[in-house]
Every structure is written in C-alpha cells, then in structure tokens.
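Hi there,

Here is the structure I promised to pass on. Have a look at it first, and then read my notes below.

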Amino acid sequence: MQVNDAYSAQTPIEGVLHAFTRIGRRLKGKQPGDTLDHSAHVVLFVLRCSGALRLSDLANRLELDASTASRHVRALEQLGLVRRSPDPDDGRAFRVELTEEGIEQWEAGARRRMELLSAAMEGWSEDDVRTFERLMTRFADGVASQTDTGADNRTWADKGWAAVAPRIRPTAAAERRTEDFAPGGDPAARENTDKNLESTR
C-alpha cells in the first residue's frame, strides 16, 4: 500500500481506533495560543483537579516514575506555573501546587480545546451532540473498566473536573464578553471553584 493511499476501515472497531488516533494527535498538539506542550498540560490538569500533592502522589496519578515527574515539576517551576510548599504532615517532604499563573494557563488551554470541539460539531443538532456525549461517556467508562487499576483513578479526576469545568465552558459568541477571558476570570467563580476542590484533597 502506498503511504498516500486513502484509508478505509474494514471494521467498525478499526474505524473507532483510527478516529481516536486522528483526534488524539490533534488534541495533544499545540493549539493557537498554546505555550506549553501536552505533557505539561497534563501535569497542570492533575494539580488543578487534585490540589497540592506530594511528588510521589503526583507521579502516581500521572502514571510516571518519580524522576520523570520531578523533571516536569522543575520545568514548570522555572516557568512560575507551580511551586513547592512544606508538607504539613511531614516536615521532610514537600507538596507541589499550582500558582495563580499555572491555574490561568491550564484554564486557557482547556478552554481552547473545548472551543475546538465545539467548532468541530458546528451544524450538529442538539440531539446529535447529546447522543455523541452519551456514547462517548459510555465508551470512556468501558475503556476505564478495562485499564484502571483502582477506583481512585477516576474519583479524583471526576471530583476535580466537576469543580473546574464551569470556569472553562465556552460561551455563545453573542454572549461572550471581554472580561470572561481576562486573566484570572471572575473572582467569585475562582473562589467557588477553589472551595469545591477542597473535597478532592
């Protein structure tokens, strides 16, 4: 087969895998306005959903070894997106947490990706979007049931995402206001989000 031959899936499952390959490559790539690569965005996501974590806990949630997680933390620390603070439960250890700039960077990146998905579904009926969301959620649950090794793998992300999602939802273009995208966003929304995140720690 020539590399420029058109691809045609031979089975529905093969088609699903091919579609995810295409989508994943694009969502992992830098979007216009991004300054961070995908791996950094994932670290920020974990910390945004979890709050301050020991390095070992962060590495576990990232499913990385401690040395790799430490390199990510050092790079983000140099950018001013994360900081280390003493662990109140162990004076010899430290915890990693997002700075205000780190929060803003993650929220901006997540918002860009939500806007990309919204644009990709432009022209879809509301029923189509809801059906797609329902099937994707069902599919994600099925994949997680085959790959996750513990309940906590989903619990922390679900709790954290529930708290931060309202801050990054794209608004309709006609309703969009400049202050919605100003650094820091709505202080009241930020305070409410941070309170909700306390339950994930």
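Below is what I found in it, going from the overall fold to single pairs of residues.

A word on the ground rules: this is a predicted model, so local features need pLDDT of at least 70 and side-chain atom pairs count only at pLDDT 80 or more, while totals for chains, interfaces and linings use all residues. Residues are numbered from 1 along each chain as its sequence is written, and side-chain values use heavy atoms, with hydrogens and water left out.

**The fold**

The chain has eight helices and three strands (DSSP runs numbered from the N terminus: H or I of at least four residues for helices, E of at least two for strands). Starting at the N terminus, their order is α-α-β-α-α-β-β-α-α-α-α. Of the 201 residues, 26% count as buried. Buried means under 20% relative accessible area, exposed means over 50%, and partly exposed is in between (1.4 Å probe, protein chains only).

**The core**

In soluble globular proteins, nonpolar side chains tend to be buried together. Here the largest nonpolar core has 23 residues, and L44, L47, L58, L76 and V82 have the most contacts inside it. (Such a core is a set of buried Ala, Val, Leu, Ile, Met, Phe, Trp, Tyr and Cys residues joined through side-chain atoms within 4.5 Å.) Helix 2 (38–50), helix 3 (55–62), helix 4 (66–78), strand 3 (90–98), helix 5 (100–120) and helix 7 (152–168) each give two or more residues to this core. Helix 2 supplies the largest share, with five residues.

Which residues of helix 3 are buried? They are L55, L58, A59 and L62. Among the elements covering them are helix 2, strand 1 (53–54), helix 4 and strand 3.

**The surface**

V16, F20, W124, V129, F132, M136, F139 and V143 make a nonpolar surface patch of about 620 Å². Patch members have over 30% relative accessible area and no salt bridge; like charges are joined within 9 Å, and nonpolar side chains (Val, Leu, Ile, Met, Phe, Trp, Tyr) within 5 Å. Areas come from the Shrake-Rupley method with a 1.4 Å probe, and for residues only the protein chains shown count as cover. Helix 6 gives the most to this patch, with five residues. F139 sits in helix 6, and is partly exposed at 38% relative accessible area.

**Salt bridges**

How many salt bridges are there? The structure holds seven, each one a side-chain nitrogen of Lys or Arg within 4 Å of a carboxyl oxygen of Asp or Glu.

- R112 pairs with D34, with the closest N and O atoms 2.8 Å apart. R112 is in helix 5 and D34 in the loop between helix 1 and helix 2, 78 residues apart. D34, R112 and R113 are linked in a network of salt bridges.
- R54 and D87 meet at 2.4 Å, N to O. R54 lies in strand 1 and D87 in strand 2 (residues 82–87), so this pair ties together parts 33 residues apart in sequence.
- R130 and E126 have their closest N and O atoms 3.1 Å apart. They are four residues apart in helix 6, about one helical turn, and both are exposed.

Cheers!

How values were computed
Contact = heavy atoms within 4.5 Å.
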